[in-house]
Amino acid sequence: FIRNSPCYILPENSTSVWYYFRGCLPPDWLNYSVMYLIAEQQFVLFPLVFWVLANDVFKISQSKRLFPLISGWSFVGKLVGIGIAAVSPALFLRLNIQPEEILTFNILIYMVSYMVVLIGLRNVTVRKTVQKTETVRETLQEGFDFIREVASFKFLMIAIALLAFADTIIEFRFLVATDSEFTSQATYQQFFSLYRLGTTLAALFIQAMLTGRIIKSMQLKNTFLILPITVLVSLVGMMLVPGMPMAIAGMVLVKLVRDTLNESGRKSFQGLVPEERRGRVSTVMETYLPSIGTIMACIIAGGIVIIGIWQNVDVYLYYLSAAVLGGVTGFWAILKMRSHYDSSLLNWRMKRRQRKGSTMLLKKLDKLSD
């Protein structure tokens with residue numbers, strides 16, 4: 001049936017399963033784009049679900065001991081995956097295997113993971129909790145109301161969206177510049193794997209050795225200035241020195257600052273939010289705002305690129321200029337956030353609700369003193 005199918009395109013002396021029904025599949029650019037989007041969604045959704053489940057399964061005493069260990073294994077898995085991606089092109093070439101077969105190995109990993117979850121968690125008892133039922137609209141409204149009414153969070157919200165906008169364009173420029181230098185899929189895969197390995201190890205070192213000291217010495221509100229300054233320096237460098245080396249340097253610099261100093265500072269800043277509102281506020285800050293900035297960047301940069309294709313001109317300076325505008329506005333928003341930082345701590349939304357037990361105890365003490 002396969003060999004008689006009009007979709008069957010199998011080159012001579014090839015055994016790759018990826019060539020079966022090749023003619024009936026969508027084009028490669030669409031397939032890989034969809035896979036990339038699915039992977040990005042997993043990076044966002046899976047950690048949220050995983051850590052909620054982990055908190056329900058383990059007690060507080062257990063979580064303090066096991067959560068760092070679990071996070072460490074996550075880092076090990078990332079390094080192993082990067083290492084496999086780096087060595088697979090040369091290994092597959094020697095074994096006369098198509099590069100796409102790495103996806104078959106990935107499918108096997110997903111199948112093993114599914115069986116581990118299905119069998120390993122079958123007898124796990126999840127702690128039952130009383131949850132307040134709210135609609136998605138009510139949850140988001142609470143988060144946005146908090147951010148809108150607390151001045152420092154309002155300006156930080158603007159900065160997060162605009163810096164995500166600039167960050168996306170920087171990444172786009174990085175991909176364009178590197179793709180033009182590495183013509184084959186195997187060489188680009190090796191380069192990208194080494195790039196991810198280097199940035200991961202550097203981020204680990206910065207997070208372990210420098211982040212805490214920098215936040216302590218600069219004060220929390222001042223650490224947010226580092227990312228917009230880094231973004232602007234990277235963008236100006238890319239505009240003045242076009243090409244792959246500067247694109248890589250700018251990308252690495254921004255990612256390291258974003259994933260270490262800025263992320264830790266943002267998490268610490270969210271710690272100022274009362275517990276009953278922290279989940280809603282963090283959801284808005286960590287998911288919706290970066291998504292808004294990314295969508296804006298894709299629309300604007302995509303429109304500029306399409307116009308450039310029609311006019312047959314190189315438009316990288318135009319979309320980089322749009323990113324510079326976003327970075328400058330984000331820098332202004334951080335300055336405004338710093339100016340409202342102290343006054344925002346007195347906002348009524350920042351006050352934690354008094355516990356009933358504590359209130360009753362205070363009343364009893366007042367009666368005894370009378």
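Biologist: What makes glutamate 171 and lysine 255 a salt bridge?

Modeller: The closest N and O atoms of glutamate 171 and lysine 255 are 3.4 Å apart, and a salt bridge is defined as a side-chain nitrogen of Lys or Arg within 4 Å of a carboxyl oxygen of Asp or Glu, so the pair qualifies. This pair links distant parts of the chain, with glutamate 171 in helix H5 and lysine 255 in helix H10, 84 residues apart; helices here are DSSP runs (H or I, at least four residues), numbered from the N terminus. The model is predicted, so local features need pLDDT of at least 70 and side-chain atom pairs count only at pLDDT 80 or more, while totals for chains, interfaces and linings use all residues. Residues are numbered from 1 along each chain as its sequence is written, and side-chain values use heavy atoms, with hydrogens and water left out.

Biologist: Why is lysine 255 called buried, and why is glutamate 171 called partly exposed?

Modeller: Buried means under 20% relative accessible area, exposed means over 50%, and partly exposed lies in between (1.4 Å probe, protein chains only). Lysine 255 has a relative accessible area of 10% and is therefore buried, whereas glutamate 171, with 23%, is partly exposed.

Biologist: Which other residues are linked with glutamate 171 and lysine 255 in a network of salt bridges?

Modeller: Asp167, Arg258 and Asp259 belong to that network together with Glu171 and Lys255. Aspartate 167 meets lysine 255 at 3.3 Å, N to O, and arginine 258 meets aspartate 259 with their closest N and O atoms 2.9 Å apart. Arginine 258 counts as partly exposed because its relative accessibility is 29%, and aspartate 259 is likewise partly exposed, at 32%.

Biologist: Why is the aromatic pair of phenylalanine 182 and phenylalanine 191 called stacked?

Modeller: Rings of Phe, Tyr and Trp (its six-membered ring) pair if their centres lie within 6.5 Å, and planes under 30 degrees apart count as stacked, over 60 as edge-to-face and the rest as tilted. The rings of phenylalanine 182 and phenylalanine 191 lie 4.7 Å apart, centre to centre, with 15° between the planes, and the pair is stacked. Both residues belong to one aromatic cluster, which also includes Phe174, Tyr188, Phe192 and Tyr195.

Biologist: How do you know that the charged end of arginine 173 sits over the ring of tyrosine 316?

Modeller: The rule asks for NZ of Lys or CZ of Arg within 6 Å of the ring centre and within 35 degrees of the ring normal. The charged end of arginine 173 is 4.4 Å from the centre of the tyrosine 316 ring, and is counted as sitting over that ring.

Notes: Helix = DSSP H or I, 4+ residues; strand = E, 2+ residues; numbered from the N terminus.
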